[in-house]
Amino acid sequence: MLEARDLNCSRGNQTLFTGLNCTAAGGEILHVQGPNGCGKTTLLRILCGITLADSGQVLWHGEDIRLNRTEFHSNLAYVGHSHGIKLELSPRENLQTWMDLSGRNDPADLLRTLERIGLSGVENLTCNNLSAGQRRRVALGRLYLTRASVWILDEPLSAIDRSGIAEFESLLSRHADNGGITILTGHETLSVDTRTVTRFVLPA
């Protein structure tokens with residue numbers, strides 16, 4: 001379980017949220033929603049341990065993530081607003097580099113992933129020649145290759161077309177079925193089994 005307990009956060013003179021509590025258990029998708037500027041991205045960054053809250057705790061299996069950062073991050077896959085890809089590399093090279101950093105070497109899995117994310121045929125083009133949607137698909141392709149149990153995704157469906165959304169929703173379902181946790185932002189309504197999705201709305 002990943003838990004936020006009594007989080008307080010401000011940005012400059014603006015209070016984003018106070019006394020915020022939320023939990024996400026294995027097999028659950030926590031869909032964080034709210035108007036622009038309410039602190040959705042900040043909340044995700046706090047849950048990842050990238051940004052510190054003014055006060056409060058983020059707990060992983062009941063332990064503050066600051067006390068066991070290495071173990072938590074080994075179980076975490078984060079995709080932020082930025083794609084986190086190298087534009088001078090191709091989709092194949094970006095995903096291969098990510099696999100190498102993860103200590104994996106599975107060429108067949110890499111090819112399957114490129115097909116699933118709809119990049120077969122352009123897998124060897126440099127990413128600076130791809131559309132915004134195709135670049136986003138490269139970023140999301142890492143989720144097919146990770147063993148992380150916690151996925152934290154900031155507006156993952158931005159610039160993704162309808163076919164890509166359908167494939168992503170299937171991916172979320174499989175992750176939930178395997179006991180994984182997903183926390184994501186976005187204004188879209190997810191077509192995923194509603195028993196696995198919890199809607200969490202931040203106030204304006």
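These entries record what I looked up, topic by topic.

**Ground rules.** I am working with a predicted model, in which local features need pLDDT of at least 70 and side-chain atom pairs count only at pLDDT 80 or more, while totals for chains, interfaces and linings use all residues. Residues are numbered from 1 along each chain as its sequence is written, and side-chain values use heavy atoms, with hydrogens and water left out.

**The sheet.** I noted that helices (H or I, at least four residues) and strands (E, at least two) are DSSP runs numbered from the N terminus, and that two strands pair if DSSP finds at least two bridges between them. I found an open sheet of five strands with parallel pairing, in the order β6-β7-β8-β3-β9. The edges are taken by β6 (76–79) and β9 (197–201), each of which has a single partner strand, so one side of each is left without a neighbour in the sheet. Neighbouring strands of this sheet are turned by 15° against each other on average, direction ignored; the axes behind such angles are lines fitted to C-alpha atoms, for helices over the stretch in contact, and angles run from 0 to 180 degrees between N-to-C directions.

**The cores.** For burial I used these classes: buried is under 20% relative accessible area, exposed is over 50%, and partly exposed is in between (1.4 Å probe, protein chains only). A nonpolar core is a set of buried Ala, Val, Leu, Ile, Met, Phe, Trp, Tyr and Cys residues joined through side-chain atoms within 4.5 Å. The largest one has 30 residues, and Leu 143, Trp 151 and Phe 168 are among those that touch the most other members. Which helix gives the most to this core? I found that α5 does, with six residues. Apart from this core lies another, of 28 residues, among them Cys 22, Phe 72, Leu 76 and Phe 200.

**The salt bridges.** Counting a side-chain nitrogen of Lys or Arg within 4 Å of a carboxyl oxygen of Asp or Glu as a salt bridge, I have eight of them in the structure. In one, the side chains of Arg 137 and Asp 161 meet at 2.5 Å, N to O. Arg 137 lies in helix α5 and Asp 161 in the loop between β7 and α6, so the pair ties together parts that are 24 residues apart in sequence. Arg 137 is buried at 13% relative accessible area, whereas Asp 161 is partly exposed at 41%.

I also looked at Arg 92 and Glu 123, whose closest N and O atoms are 3.9 Å apart. Since Arg 92 is in helix α3 and Glu 123 in the loop between α4 and α5, this pair ties together parts that are 31 residues apart in sequence.

**A loop residue.** Last, I checked Asn 129, in the loop between α4 (107–116) and α5 (132–145). Is Asn 129 buried or exposed? Its relative accessible area is 57%, so Asn 129 counts as exposed.
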